[in-house]
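Here is a short briefing to read alongside the model. Please keep the sequence and the 3D view open as you go.

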Amino acid sequence: INKCIEIHYANESIISTNEDAYSNVHLLKPLKCFKKPINPFLLKAIIEFKEKSCEDALKTLCTIIRLDDKDPFTYVLTANINYEMAYQARSEKYKKEEFEKRIMKALTFYYAALEIDSQNVYAAIGIANVLAEFNHTGQALDVYKSVNDKSGCYSKLVNEALIYMSEGDKKYFKSVNILGKVLNSIKDHNSNEYEEIEMIYIKALYENNEFEKAIKLIKSMIFKYPDNLMYRYNYAVILKSKAEEVYKNILSRSSESIDANQLLDRSISIFENIIKMIK
């Protein structure tokens with residue numbers, strides 16, 4: 001991409017105070033394979049973002065906005081990168097100001113995308129995500145529901161399910177239904193995305209006391225990734241919770257109590273094995 005930019009675009013030899021290396025780019029002749037002049041820069045920004053070089057990606061996106069300030073995808077990508085940086089800042093101590101700065105920039109760029117394209121699904125979902133960050137879950141749900149299911153954007157359904165799973169809602173049965181549909185829709189797609197959503201689905205099943213389904217799925221995850229101790233730990237927790245449900249029920253039969261004891265023994269064994277493996 002850099003070679004493409006060097007060949008088909010010219011840098012003016014003007015000293016710029018802007019940190020963006022391509023702040024003074026003049027188009028020469030875009031390649032025929034690119035439908036519009038900004039495409040190579042978009043590809044560059046996407047690659048930089050995927051390589052975790054968020055600052056470099058934002059610099060490249062600044063160049064794009066100078067070349068074409070009417071491209072909604074550019075604004076959505078800029079917003080997504082700022083959102084990612086806000087997410088990273090939130091997970092670290094003493095970075096509250098950085099989080100707020102980045103999340104507000106994300107919101108600004110999502111709105112900028114909507115001003116250009118009022119039907120932009122990704123910008124709408126981005127705004128809903130920001131609303132959810134600040135616990136405006138009711139408004140976020142309204143946006144998620146307003147987005148057409150045929151858009152193929154599954155993140156809005158996953159986020160909708162997560163809101164139903166939050167402490168305020170605890171409508172786990174709704175989450176189970178939504179996530180089940182999402183998994184059926186993407187089972188032939190990216191495996192990493194599928195497994196990430198599958199883990200949320202297992203959590204929803206567990207919270208909804210659908211232990212048998214949760215156990216079946218977590219066992220398949222352990223089979224795929226035998227070295228991942230978190231899957232084993234979650235399996236043990238589900239077994240323990242299933243046993244506890246039997247003990248809480250005063251109408252439980254003696255045979256059910258015997259089975260519950262076996263579940264507890266199995267969970268204890270798994271916990272002990274995890275400790276040994278960690279040591």
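Cys62 is partly exposed, at a relative accessible area of 36%, whereas Cys54 is buried, at 8%; buried means under 20%, exposed over 50% and partly exposed in between, with a 1.4 Å probe and protein chains only. This is a predicted model, in which local features need pLDDT of at least 70 and side-chain atom pairs pLDDT 80 or more, while totals for chains, interfaces and linings use all residues. Residues are numbered from 1 along each chain as its sequence is written, and side-chain values use heavy atoms, leaving out hydrogens and water.

**Cysteines**
- The count of disulfides (cysteine sulfur pairs within 2.5 Å) is 0.

- Helices are DSSP runs of H or I with at least four residues, numbered from the N terminus.

**Largest pocket**
- A pocket is an open set of points on a 1 Å grid over the protein atoms alone, with protein on both sides within 12 Å along at least five of seven lines, and lining residues have an atom within 4 Å of a point.
- The largest pocket has a volume of about 1,900 Å³, the space filled by 1.4 Å probe spheres set on the points, which are joined across faces, edges and corners.
- Of its 40 lining residues, Glu84, Asn129, Ser155, Asn159 and Glu196 are the closest to the centre.
- Helix 4 gives the largest share of the lining, 10 residues.

Key: Helices (H or I, at least four residues) and strands (E, at least two) are DSSP runs, numbered from the N terminus.
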